[in-house]
Structure formats: C-alpha cells, structure tokens
Amino acid sequence: AADVVVLMPNGIDPHEWEPSAKDIELLNQADLIVSNGLDLEGNVMEAIEAVEKDGVAVFHATDHIEVIEFGAGGHDDDEEAVHDDEHGSGDPHFWTSPVEMAAVVEALGVALADIGIDTGDRAAMTKEELLNIDQEIRGLVESIPVESRILVTGHESLGYFAHEYEFEVVGAVIPSLSSEAEASAGELAELKAVIEAEGVTVIFTELGTSPDVVAALADDAGVDVVELSTHFLPEDGTYASFVLDLASTISGALAS
C-alpha cells in the first residue's frame with residue numbers, strides 16, 4: 001500500500017550510522033517517517049526533528065508502548081547513571097517484546113490511515129500474529145525455573161524481554177543503553193562479583209559490545225559466551241524468526 005524505504009541498513013549499529021545528504025532528502029519528501037524513538041537513531045534524530053518541525057508526519061514507535069526505565073532490569077538503579085545515559089531514562093529496545101510490538105502495530109495502522117493509507121484488517125491480523133508469537137515464547141521459557149532466569153548481557157538491550165518473560169538482568173558488560181559507552185575496570189570487577197554471587201553461567205553479548213572485553217571477562221569468571229542477534233534481521237527478514245530465535249537461544253543456553 002506504500003513505498004517503504006529503510007534508511008538504516010540491516011546489522012548496522014544504530015548508534016554509529018549517519019545519514020547521507022540523499023537520506024536527508026528522502027526524509028524531507030516522506031509522507032510518514034517511522035522512528036523507533038528514545039534517541040535510538042542517534043545521529044539521524046536531529047534530521048528527523050528538523051523535518052518534523054517543517055510539517056512532515058513522524059510516528060515515534062516508543063510513544064505507543066509502556067516504556068521501561070533504564071535500570072528496571074535490576075542491574076543499575078543509580079540515579080546519576082540513569083541521567084548520564086544519552087537516552088535519558090527510557091529504554092528504546094522494545095522490539096525484544098512481541099507484546100510491545102503488537103501495541104506499535106496497532107498504533108501504526110491508525111497513523112497510516114491518517115495519511116490516507118488503508119491497511120484494512122492487516123494491522124489487526126498482524127497484532128494477533130504477534131500475540132501468538134508471545135505465547136510461543138512463553139512455551140519456550142516455561143521449562144526454565146523463574147529463579148534461574150538470570151541474565152548478564154553485553155549492554156542494556158534485553159530489558160523488555162526480561163520484563164515480559166520474568167527474567168532478571170543482573171548486569172551488563174557495558175552498563176548503558178548505548179553500545180558507544182565503555183565499561184571501566186571497576187565496573188567489570190563488580191560485574192564479575194555479581195556473576196559469581198548469582199551463579200551466572202553465561203554472558204549474552206550482542207552487536208556493539210567488544211568481543212575481546214566479553215571474552216576476557218567470561219574467561220576470568222569461568223562462564224560461557226553466547227552471541228545474540230538483537231540488532232539483526234534474519235535471512236528471511238521476518239520479525240517472527242528474529243524474536244523466536246532470540247528466545248530459543250536464551251532458553252537453550254540457560255537450560256544446558
């Protein structure tokens with residue numbers, strides 16, 4: 001029903017990508033810009049804000065979800081750390097929860113209708129599909145006792161997944177919502193202590209987290225490393241494959 005242009009290439013760290021002059025021109029010509037929001041787009045947010053002021057319609061996905069505050073996963077509730085993070089206190093990584101994705105799809109259907117694009121019953125059908133995926137994930141994780149649903153991640157990217165499926169994020173190699181931040185030696189030492197105290201057996205890392213730092217910490221703590229594709233779409237390009245693979249990888253690693 002529309003020509004869709006995805007500016008940011010698949011697999012690119014969104015914190016590092018910068019728009020070209022052609023990309024800026026496309027933003028200016030758009031009937032609707034769909035943005036993640038909460039500053040995830042980083043270097044393109046200034047351009048989006050500029051064209052929005054000029055009257056281009058912008059749909060910010062995170063305006064339509066229950067935003068999780070940074071630190072809500074249980075790792076870092078320090079007030080100063082929250083406000084020092086470039087995203088403020090809101091976690092932008094909502095796509096690890098199909099329930100939140102369903103809320104975004106419903107709102108996007110309305111936004112498309114507002115600019116004259118009729119999606120018929122497709123938004124409702126997609127919402128139902130996403131809620132069915134949610135039930136599949138609940139089936140995948142049900143064999144893991146709630147007390148064993150402990151996560152250590154590369155950076156703070158699994159807050160919504162953890163919230164939805166009763167996991168607890170007890171630490172991150174980069175204690176920030178942005179992969180551009182760096183961990184200090186003191187923070188890594190604290191994280192090692194948390195890993196040992198919580199009986200953590202695996203660190204889940206992802207795009208943007210230094211593999212050398214993760215490997216060194218895992219070796220020092222005596223735990224495994226499992227890489228998650230939190231910022232990649234799979235070969236078939238579908239959200240279902242993405243999130244089910246994420247859930248099955250996490251569940252398999254914790255169950256083994």
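R138 and D134 form a salt bridge (a side-chain nitrogen of Lys or Arg within 4 Å of a carboxyl oxygen of Asp or Glu), with their closest N and O atoms 3.1 Å apart. The model is predicted: local features need pLDDT of at least 70, side-chain atom pairs count only at pLDDT 80 or more, and totals for chains, interfaces and linings use all residues. Residues are numbered from 1 along each chain as its sequence is written, and side-chain values use heavy atoms, with hydrogens and water left out.

Both partners belong to helix 5 (residues 122–141), four residues apart, about one turn of the helix; helices are DSSP runs of H or I with at least four residues, numbered from the N terminus. D134 is buried at 5% relative accessibility, whereas R138 is partly exposed at 30%; buried means under 20% relative accessible area, exposed over 50%, and partly exposed in between (1.4 Å probe, protein chains only).

R138 also meets E164 in a salt bridge (3.0 Å, N to O). Because E164 lies in helix 6 (residues 159–164) and R138 in helix 5, this pair ties together parts that are 26 residues apart in sequence. E164 is buried, with a relative accessible area of 18%.

Another salt bridge joins D220 and K192, with the closest N and O atoms 3.4 Å apart. The pair links D220 in helix 8 to K192 in helix 7 (residues 185–198), 28 residues away.

In helix 8 (residues 211–221), the buried residues are V214, L217, A218 and A221. They fall within an arc of 100° seen down the axis, so they line one face of the helix; the arc is that of the directions from the helix axis to the C-beta atoms. On the other side of helix 8, D212 and D219 are exposed.

Terms used:
Helix = DSSP H or I, 4+ residues; strand = E, 2+ residues; numbered from the N terminus.
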